[in-house]
Structure formats: structure tokens, C-alpha cells
Amino acid sequence: MKWTVLGCHSPYPGAGGATSGYLLQISGKNILVDCGSGVLAQLGSIIRPDDLDEVWLSHLHHDHIADFFVLQYAVQTSLRLGWRSHPLPVRTPLVPREWGDRLPYHQAVQIQEIKDGDRREEDGWSVYWCRTDHGVPCYAMVIQSKEGTILFGADAGLATDWNQMTEGPDLFICEGTYLHRDKPVAPMAHHSVREAAEAATRIGAHALMITHWFPGYDPKEIEREAQAFFTGRVWVAQSGLSVEIGDQPPLSK
């Protein structure tokens, strides 16, 4: 089971980067998790868009779906040229409706709505969708296989109950939208880096990946803040970073 970062910035992509997007490779499938601004170009350095088996969208904020609308064009072109034989399955919330209604595109994509508590079992792996504390319906994903467990936290405020989702994941991908010193006074539906690290400690994660971070920050400062509150392995997500989950502790490439 392999998790590759395509984009990790928020609320906009830094130079050469992208906002939220990841490639999950599991049991021979290529699954795109979120499709933010700049993600499609990053994906093309690993696989062709027509090699995607599925797309999972955590929620319908622009920094998580901006490139989905040009991905639709890529899929339509692949179907027309015979590079694909079937539409691309897309699992996603459909609220807010003004954006959910725009997701279908001719015959290129096949939309399936996800809701809190949905579970899918495949041969050798499963995924479980859990609602997070966010401004619109947003879903974390618990991905399990014989190799281990990945918890992708999507966007989430502090009221999110991580322990209800899973305990002791091999890899916890959690947003650290801002350094703790920059935390807004008013409650926000996001975690600081410190809060992400504290959450990883509470659920007994083996490794933590900080993502969804402001591109003006120094990744080394993000890493230092996370390591001060979490004793396991820490990665700061950057485009191209891959983590493999297997019998040994998670390894990056």
C-alpha cells in the first residue's frame, strides 16, 4: 500500500506545488484522493490520468477539487481515443449542491455519493468514511489492508473524534494548516501543526504526515513543531513524497 503526495498546500499552491491531492496505490488500483489546484500536472509525472481507477473527494472546497474539472476533460478525451473503456468512478459528497451538481460531466465520470459511516470492502482491503468537523460535509478515510492502516484526516476542526475512527494507524495524514503561533483567535475548522501532533499522540499513530500547510512556511519549522508534540516518525508532506505501508515501519521514498 503506497501513499504519494501530489499536493499539500493550502489555501493556494506554492511555486511548483499543488493544493490537496494524493495517489493511493493499493491491490493494483490507482486511486486519486482529492484533486486540488495543480494536482493533475503532478499526477502526470507518475501515471497517466487514463490509468486512474477511481477518485475519492473528501469535500467540495476549491483547494480540494479545482483540478477535478479539467480531469473530466482528460477522461473524456481518453474515452474518445479508446484509452479508457468506461467512465471514471468518483466517490464524493454532493453538498454544497451548487458544486455537487457540477461534478457530473457527460459520460466521463460516474458519481457515487458518500455519507458518514459508509464502508466499502474490496478483495484484501477496505475504506471507511467518517464525517469531520468542517464547514461543509467533509470525510476522513480509514484505509485498511493486510499491510496496515492509513488514516487520511481531510480537513478537520478540533471537534473531530479521531479515536472513534481508528486507533494506532500506521500512518496518520493530518492537516496542519498553520503553525500554532498563528492560530486564529476565533475557532476554525482546522488544526494547527501542534494540534495535529497532539491528535496523533492521542490515537497512538505510528507515523504522522503534516499536510494542508501554508506555502509561505518553512517545512523545517513545521517539522520541529510536530516533533515537539509527537514522538513517532514525522513527515512534512511535499509533492513527490511517497510512503509505503507494509510489515516494517512506514518507509518514505
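Visitor: The charged end of which residue sits over the ring of W99?
Guide: In this predicted model, the charged end of R102 takes that position, 4.3 Å from the centre of the W99 ring. A second case involves R119, which lies over the face of Y128 at 4.3 Å from the ring centre.

Visitor: And ring against ring, how many aromatic pairs are there?
Guide: The count comes to 11 aromatic pairs. One of them joins W56 and W125, whose rings are 6.1 Å apart from centre to centre, with 35 degrees between the planes, and this pair is tilted.

Visitor: Where in the chain do W56 and W125 come from?
Guide: They come from distant parts of the chain, since W56 belongs to strand β4 (residues 54-56) while W125 belongs to strand β8 (residues 125-131), and 69 residues separate them. Both W56 and W125 are buried.

Visitor: What about W56 and W129, and why is that pair called edge-to-face?
Guide: The ring centres of W56 and W129 are 5.6 Å apart and the planes meet at 70 degrees, so the pair counts as edge-to-face, the cut-off for that class being over 60 degrees.

Visitor: Which rings link up into a cluster?
Guide: W3, Y22 and F152 are linked into a cluster through ring pairs.

Visitor: Switching to I31: what does it touch?
Guide: I31, which lies in strand β3 (residues 29-35), touches Y22, L23, L24, I26, E54, W56 and W125, if residues up to four places away in sequence are not counted.

Visitor: How many residues are in the largest nonpolar core?
Guide: The largest nonpolar core has 57 residues, and those with the most contacts inside it are W3, L24, W56, I143, W162, F172 and M209. M209, leaving aside neighbours within four places in sequence, is in contact with W3, V5, L171, F172, I173, C174, W235, A237, L241 and V243. There is also a second, separate core of 24 residues, which includes L6, L52, V75 and L103.

Visitor: On to cysteines, how many disulfides?
Guide: The count is zero disulfides.

Visitor: Now the backbone: where is the cis bond to P11, and what is its omega?
Guide: The cis peptide bond runs from S10 to P11, with omega near 5 degrees, and P11 is found in the loop between β1 (2-7) and β2 (21-26). Another cis peptide bond joins V95 and P96, with omega about 5 degrees, and P96 is found in the loop between β5 (88-92) and α4 (97-100).

Visitor: S27 has a positive phi, so is that residue buried or exposed?
Guide: S27 is exposed, with a relative accessible area of 52%, and is found in the loop between β2 and β3; its phi is about 50 degrees although it is not a glycine. D34, also a residue other than glycine, has a positive phi near 70 degrees, but D34 lies in strand β3 and is buried at 0% relative accessible area.

Technical notes:
Residues are numbered from 1 along each chain as its sequence is written. This is a predicted model: local features need pLDDT of at least 70, side-chain atom pairs count only at pLDDT 80 or more; totals for chains, interfaces and linings use all residues. Side-chain values use heavy atoms; hydrogens and water are left out. Rings of Phe, Tyr and Trp (its six-membered ring) pair if their centres lie within 6.5 Å; planes under 30 degrees apart count as stacked, over 60 as edge-to-face and the rest as tilted. Helices (H or I, at least four residues) and strands (E, at least two) are DSSP runs, numbered from the N terminus. Buried means under 20% relative accessible area, exposed over 50%, partly exposed in between (1.4 Å probe, protein chains only). A charge sits over a ring if NZ of Lys or CZ of Arg is within 6 Å of the ring centre and within 35 degrees of the ring normal. Contact means heavy atoms within 4.5 Å. A nonpolar core is a set of buried Ala, Val, Leu, Ile, Met, Phe, Trp, Tyr and Cys residues joined through side-chain atoms within 4.5 Å. A disulfide is a pair of cysteine sulfur atoms within 2.5 Å.
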